[in-house]
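Please examine the structure shown below, together with its sequence.

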Amino acid sequence: MSTPRNTPATIGDSVSPRRVTLADVAKAAGVSRTTASLVLSGRGRELRISQDVERRVLRTAEELQYRPNIVSRGLRTGTTRTIGFVSDTVATSRLAGDMIKGALEAARDRGFMLFIGETEGDAELEHLLLQAMQDRQVDGLILASMFTRTIKVPKAVTAMPAVLLNALPKKPAPLPAVLPDEVEAGRRAARVLLDAGHRDGIHLIGAGPSLRDRPSESLAAVERLVGIREAFGAAGVKVAGARACPDWLPEYGLAATRDLLHTAEPRALICFNDRIAMGAYQALDDFGLKVPADVSIVSFDDHPIASWMRPRLTTVALPHYELGRKAVDVLFAEIDRDRTDGDRVGEVHRVAMPVRIRESVAPSSAVQPLG
């Protein structure tokens, strides 16, 4: 006969029609609820519960497929061993999939689960997701952005241990932030060209020449430009020109590079991301120019297209996996620290961006004269 719909499954049932409780385990094992609780929390031996009773409780719990109520346990212990991860579009972005993977694995290494929610840029949905995370009493929260930018930090986030990932607060806040080291990335991109002997005819595609010439809210554009200018300035090299793009998509890279080629003869380009570089490749090809024989190109992000392009694109990689892991590491430091210091301003943690050397940069001596 099947188990009644509103009663717990008996030992041997393959499926439980409702959640098995601690009381169900205790009753089926023939022990008190307190004894069952002590055994299942690993304190049976400590309190001298017999091995026979301990084995019986554990066997019963396994046969009933008992799982502890995390929320109830959280009320008792002060921890649910869960972390909330709320993002704008990062959860469904192929480019940043490794960010989720890094956070998941770092949480799992500590025996924690990650709850992931995506706001799609909707403030009301963000509010509801944060409220849901609080209702589930997550031990901490990661608030992530798809692209590096400044954000308005919701008050709900500052009420719990939290970390900003790929974002900085618009106003001073006590939350730490984890960001890619975009300034050093700009220096590294410039050094790739300098190390190849390039000194003249270097143009920027995507941002510049001033820090104001960039897509709206793009912190990465500003920081990459700062790094590029620092590296070239230290080497006594001047950038020949720059074309800003309203967005970092292939069509804008194509249009900006075409515009440049009508008025200049570039020897090297720094594109502000790989999608812009894809458009630049097309523009150069339209003008009968080859990469890197005629024009060298270095870029940023290490999007999958960088290794698909021919020749393969040299780029400074966004360390998505490392960013996700670092955010969890910083969050646990927040959970552990004394939170009575209400005036503290959060520390910014930078994660290095490695250079992926491929075939799109040639020594300046090998670049063919144009014309």
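**Charged and polar side chains**

Glu182 counts as buried because its relative accessibility is 1%, where buried means under 20% relative accessible area, exposed over 50%, and partly exposed in between (1.4 Å probe, protein chains only). The model is a predicted one, in which local features need pLDDT of at least 70 and side-chain atom pairs count only at pLDDT 80 or more, while totals for chains, interfaces and linings use all residues. Residues are numbered from 1 along each chain as its sequence is written, and side-chain values use heavy atoms, with hydrogens and water left out.

**Salt bridges**

- Side chains of opposite charge can pair when their charged atoms come close.
- The structure holds 17 salt bridges, a salt bridge being a side-chain nitrogen of Lys or Arg within 4 Å of a carboxyl oxygen of Asp or Glu.
- One of these joins the side chains of Arg224 and Glu182, with 2.7 Å from N to O.
- This pair links distant parts of the chain, 42 residues apart: Arg224 belongs to helix α9 (residues 219-234) and Glu182 to helix α8 (residues 182-195).
- Helices (H or I, at least four residues) and strands (E, at least two) are DSSP runs, numbered from the N terminus.
- Arg224 counts as buried because its relative accessibility is 2%.
- A salt bridge also forms between the side chains of Arg258 and Asp286 (2.7 Å, N to O).
- Arg258 is in helix α10 (residues 250-263) and Asp286 is in helix α11 (residues 274-286), so this pair ties together parts that are 28 residues apart in sequence.
- Arg258 is partly exposed at 36% relative accessibility, and Asp286 is partly exposed at 41%.
- In the salt bridge between Glu359 and Arg312, the closest N and O atoms are 2.8 Å apart.
- Here too the pair links distant parts of the chain, 47 residues apart: Glu359 is in the segment after β12 (355-356), and Arg312 is in the loop between α12 (305-308) and β10 (314-317).
- Glu359 is partly exposed, with a relative accessible area of 35%, and Arg312 is partly exposed at 31% relative accessibility.
- A network of salt bridges links Glu184, Arg187, Arg188, Arg191 and Glu230.

- Which side chain makes a polar contact with the side chain of Asn166? The side chain of Thr148 does so, at 2.7 Å.
- A polar contact is a pair of N or O atoms within 3.5 Å; within protein, one must be able to donate a hydrogen and the other to accept it, and residues adjacent in sequence count only if both atoms are side-chain atoms.
- Thr148 is part of strand β3 (residues 140-151) and is buried at 5% relative accessibility.
- Asp294 is located in the loop between α11 and β9 (296-301) and is buried at 11% relative accessibility.
- A polar atom of the Asp294 side chain lies 2.7 Å from the backbone nitrogen of Lys290.
- Asp294 and Glu265 are 29 residues apart in sequence, and their C-alpha atoms are 9.7 Å apart in space.

**An exposed lysine**

- Is Lys171 buried or exposed? Lys171 counts as exposed because its relative accessibility is 67%.
- Lys171 is placed in the loop between β4 (162-169) and β5 (177-180).
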